[in-house]
Amino acid sequence: MKKVFKIIGVGLGVIVLLIAVALIFISANDIPSYEVEKIDFKAKSSPEAIARGEKLAVMLCASCHLNHQTNKLTGQKMMDAPPEFGEIYSQNITQDKTYGIGDWTDGELVYLLRTGIKRDGKYSPPYMAKLPHMADEDINAIISFLRSDHPMVKADPTPDTPPNPSLLTKILCRLAFKPLPMPTEAIPLPNGDNAVELGKYLAHNLDCFSCHSADFKTNDFLNPELSAGYFAGGNKPLDMEGRVMLTSNLTPDKETGIGNWTKEEFVNAVKYGQKKGEKALTYPMLPYPQLTDSEAGAIFEYLQTIPPIKNKVERSIY
């Protein structure tokens with residue numbers, strides 16, 4: 001019997017040693033890199049595309065990349081990123097050719113937005129939004145805006161501050177989070193006359209599910225509905241003072257979600273940050289006045305169709 005215990009003890013010791021070696025290796029190395037596929041794409045710019053791209057970029061990109069000192073998309077420290085991801089800085093995405101994306105090709109931008117792989121092959125961690133389901137026309141619009149003469153994207157030589165990802169982030173990027181596949185077929189815009197279809201498109205592509213599901217670490221960007229606690233809230237982003245701001249349950253549960261909300265109440269909350277009888281919504285939940293009433297209402301219509309989840313989340317108010 002003693003011999004058996006000794007063998008088991010040696011086996012466990014070897015396993016622990018291997019795990020320790022693996023953790024040391026992962027900690028000593030950077031985020032994984034991958035082969036970059038060359039994409040033949042040239043954005044088709046027009047005033048309409050640029051306007052649409054500005055609308056999308058303000059809602060999707062500016063919250064992370066807009067630096068309030070430069071008033072441009074020169075990047076900043078992401079104060080709302082959960083500390084377990086490490087010290088995170090968004091990057092300069094102005095047209096500067098040295099520090100921004102001025103010498104990136106449109107194909108390289110498409111590949112990053114779709115797959116999460118930068119032009120140097122490095123994978124962009126889970127806090128960088130991926131857009132595998134966004135319509136081709138909207139991807140074109142975002143790139144058209146980034147190439148436009150809008151003041152937010154005008155070349156600015158503000159150097160990037162390299163992020164300092166945690167060991168957890170490095171582990172997640174090797175085991176759980178991998179590059180997404182490049183779409184092989186055209187992705188059309190949703191049917192604007194179908195409110196549920198439009199709402200689902202916006203709820204996924206504006207990254208609403210990412211914050212309002214259970215945890216950033218368990219989000220599924222390729223299949224958002226498979227994210228743990230899909231739209232049931234309880235995720236833990238931070239405010240500008242580093243305090244946890246629990247995200248709300250947006251499922252149609254009548255006790256803990258928005259099952260008793262009216263569409264008008266939802267639209268007012270999303271577009272203007274106003275919540276009836278309560279303090280206005282606070283950072284990191286920003287209002288989206290860029291949305292039309294119809295678009296915000298469509299998100300509400302979609303959320304009413306998803307499975308209700310009973311998950312009481314106490315609102316974080318400071």
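1. In this predicted model, the buried residues of helix 10 pack against helix 2 (47-60), helix 7 (195-205) and helix 9 (263-272). Helix 10 itself spans residues 293-303 and is mostly covered, with eight of its eleven residues buried. Those are E295, A296, G297, A298, I299, F300, Y302 and L303.

2. Do look at the largest nonpolar core, which has 62 residues. The members that touch the most others are L73, I142, L146, L206, F231, L291 and L303. Helix 10 gives the most to this core, contributing six residues. As background, nonpolar side chains in soluble globular proteins tend to be buried together.

3. Which residues does L303 contact, leaving aside its neighbours within four places in sequence? The partners are F231, L250, P252, I258 and F266.

4. Helix 4 (residues 106-115) and helix 5 (residues 136-146) are worth a view of their own: they pack at an angle of about 120°, and their axes are 11 Å apart. Helix 4 is therefore oblique to helix 5, and their crossing is right-handed. On the helix 4 side, D106, L109, V110, L113 and R114 meet D136, I139, I142 and I143 of helix 5.

5. On annotation, the unreviewed UniProt entry assigns "domain: Cytochrome c" to residues 48-150 and 194-307. Residues 48-150 are 37% helix and 2% strand, and the end C-alpha atoms lie 14 Å apart. For residues 194-307 the figures are 32% helix and 0% strand, with the end C-alpha atoms 19 Å apart.

Methods:
Residues are numbered from 1 along each chain as its sequence is written. This is a predicted model: local features need pLDDT of at least 70, side-chain atom pairs count only at pLDDT 80 or more; totals for chains, interfaces and linings use all residues. Side-chain values use heavy atoms; hydrogens and water are left out. UniProt positions are given in the numbering used here, feature names are shortened, and annotations may be inferred rather than shown by experiment. Helices (H or I, at least four residues) and strands (E, at least two) are DSSP runs, numbered from the N terminus. Buried means under 20% relative accessible area, exposed over 50%, partly exposed in between (1.4 Å probe, protein chains only). Contact means heavy atoms within 4.5 Å. A nonpolar core is a set of buried Ala, Val, Leu, Ile, Met, Phe, Trp, Tyr and Cys residues joined through side-chain atoms within 4.5 Å. Axes are lines fitted to C-alpha atoms, for helices over the stretch in contact, and angles run from 0 to 180 degrees between N-to-C directions. Angles under 35 degrees count as roughly parallel, over 145 as roughly antiparallel, 65 to 115 as roughly perpendicular and the rest as oblique. A crossing is left-handed if the near helix is turned anticlockwise from the far one by less than a right angle, and right-handed if clockwise.
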